[in-house]
Amino acid sequence: MSKVWPDLRRVFETLSYVVKGMSPDGTEMFYTVSYDTYQRKDTTDLCEFLEKKATTGVTNISYRLNLQLQAYRLKMFNAKKAKGKKSIVRPISFYVLTNGEWGPGPDPKIAIQDMATYLKTNNVHQGQVTVEFISFAQTAPAMQKVNNVAKADFGL
């Protein structure tokens with residue numbers, strides 16, 4: 001990841017600035033190589049936190065993505081029982097900035113398919129959950145991994 005880190009930082013800064021108006025609680029940043037999370041409304045704060053992160057480690061991209069999707073499913077499940085404003089769950093977007101160098105573990109398509117199945121089963125409208133992969137892949141195998149996710153049909 002270190003080779004593409006400057007590009008990733010620029011893309012993250014731009015993306016963070018663009019989405020901050022859509023997220024009243026701020027943007028939440030997760031890492032797949034650690035359990036660190038950071039949530040702020042200010043793009044500068046998010047970028048400063050990003051600067052402090054190391055670019056090494058092995059990632060199980062599916063594990064962390066699945067945790068976030070499960071947490072959101074739980075939020076949606078609990079909202080079904082609530083009344084008034086608590087019954088409304090804001091749409092969510094996940095932007096996965098990746099070089100495609102994923103360590104061992106299940107394919108991230110499995111976590112995404114599980115979410116898609118939940119959405120279809122519960123008649124949740126299109127656009128409630130989006131997962132976008134932004135690729136910084138530089139090798140053919142890494143590009144193939146990201147392309148495999150991009151070409152998948154999740155039935156939504």
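Let me start with helix 3 and helix 4, where Ile61, Ser62, Leu65, Asn66, Leu69, Tyr72, Arg73, Met76, Phe77 and Lys80 of helix 3 meet Pro108, Ala111, Ile112, Asp114, Met115, Tyr118 and Leu119 of helix 4, a contact being heavy atoms within 4.5 Å, and helices being DSSP runs (H or I, at least four residues) numbered from the N terminus. This is a predicted model, in which local features need pLDDT of at least 70 and side-chain atom pairs count only at pLDDT 80 or more, while totals for chains, interfaces and linings use all residues. Residues are numbered from 1 along each chain as its sequence is written, and side-chain values use heavy atoms, with hydrogens and water left out.

Helix 3 and helix 4 pack at an angle of about 10°, with their axes 8 Å apart, and they are therefore roughly parallel to each other, a term for angles under 35 degrees.

Met115 touches Leu69, Tyr72, Arg73, Met76 and Val129, if we leave out residues up to four places away in sequence. The largest nonpolar core has 21 residues, and Leu69, Met76, Met115, Val129 and Phe133 have the most contacts inside it; such a core is a set of buried Ala, Val, Leu, Ile, Met, Phe, Trp, Tyr and Cys residues joined through side-chain atoms within 4.5 Å, where buried means under 20% relative accessible area (1.4 Å probe, protein chains only). A second, separate core of 15 residues includes Phe12, Leu46, Phe49 and Phe136.

Finally, helix 1 (residues 5-19) and helix 2 (residues 43-51) pack at about 160°, with axes 9 Å apart, and are therefore roughly antiparallel, which is the term for angles over 145 degrees.

Conventions
Axes fitted to C-alpha atoms, helices over the stretch in contact; angles between N-to-C directions. Helix = DSSP H or I, 4+ residues; strand = E, 2+ residues; numbered from the N terminus. Parallel < 35°, antiparallel > 145°, perpendicular 65-115°, else oblique. Buried < 20%, exposed > 50% of the residue type's maximum accessible area, 1.4 Å probe, protein only.
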